[in-house]
Amino acid sequence: MQLKFKILWLGYMAVGLSMCLLFVCNCSPVKRTSTTISNTKHKKSKGLNTLVRFEDCKSLSQTIDRAQSSHQLIFMDFYADWCIPCKVMDQEVFNDVEVADLLNNHFINVKINGELDNGPDLVAMHEVSSYPNYIWLDSKGVILHREVGALSRSKFLSITADIISRLKR
């Protein structure tokens, strides 16, 4: 009787663990809502599958110069190719029309692979310890806010709108 109980208990534990992993990883694609459907006004970034217009950060000093001359802020997205939450953010948050409008109208948006090209230097400079890592900068390159980990659409919009409104005062 005890052996049957142990086998049954192990089976339930395995199923429970599997369910927890699926819930935590959230590996299944989430269905798009009406706010994430692009139209002719919102074209996806070249080479990226997002509505937010991201650029590669070849040189931080050039990005800062552009931000100062265009009177825009800077948004930095640090990611890694293997990072699942980074991919979820690309699909769910950076493909949202409202997020794209806010970022594209007020920021120069740079996407930095922390493991390639000048990424490791920028990771060290900005003390990035995990991915995804989001940094909002003013036009002089001063950090205004930092968030680590995937964010919901509403949380991302709230943070970004708050940064913009603080600087307009």
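Where is the place of H126? H126 sits in the loop between helix 5 (119-125) and strand 4. This is a predicted model.

**H126**

H126 is buried, because its relative accessible area is 6% and the cut-off for buried is under 20%. Leaving aside neighbours within four places in sequence, H126 is in contact with L60, M76, F78, I135, I143 and R146.

**The cores**

The largest nonpolar core has 22 residues. Those with the most contacts inside this core are F75, F94, V99, L103, W136 and F156.

A second, separate core has 19 residues, among them A67, C86, I112 and V123. In soluble globular proteins, nonpolar side chains tend to be buried together.

**Helix 4**

Which residues of helix 4 are buried? They are V97, V99, A100, L102, L103 and N104. Their cover includes strand 2, strand 3 (107-113) and helix 6.

L103 is one of the residues with the most contacts inside the largest nonpolar core. Not counting residues up to four places away in sequence, L103 touches V52, F75, F94, N109, F156 and T160. Of these partners, F75, F94 and F156 also belong to the residues with the most contacts inside that core.

Methods: Residues numbered from 1 in each chain as written. Predicted model: local features only at pLDDT ≥ 70, side-chain atom pairs only at ≥ 80, totals over all residues. Heavy atoms only, no water. Core = buried A, V, L, I, M, F, W, Y, C linked by side-chain atoms within 4.5 Å. Buried < 20%, exposed > 50% of the residue type's maximum accessible area, 1.4 Å probe, protein only. Contact = heavy atoms within 4.5 Å. Helix = DSSP H or I, 4+ residues; strand = E, 2+ residues; numbered from the N terminus.
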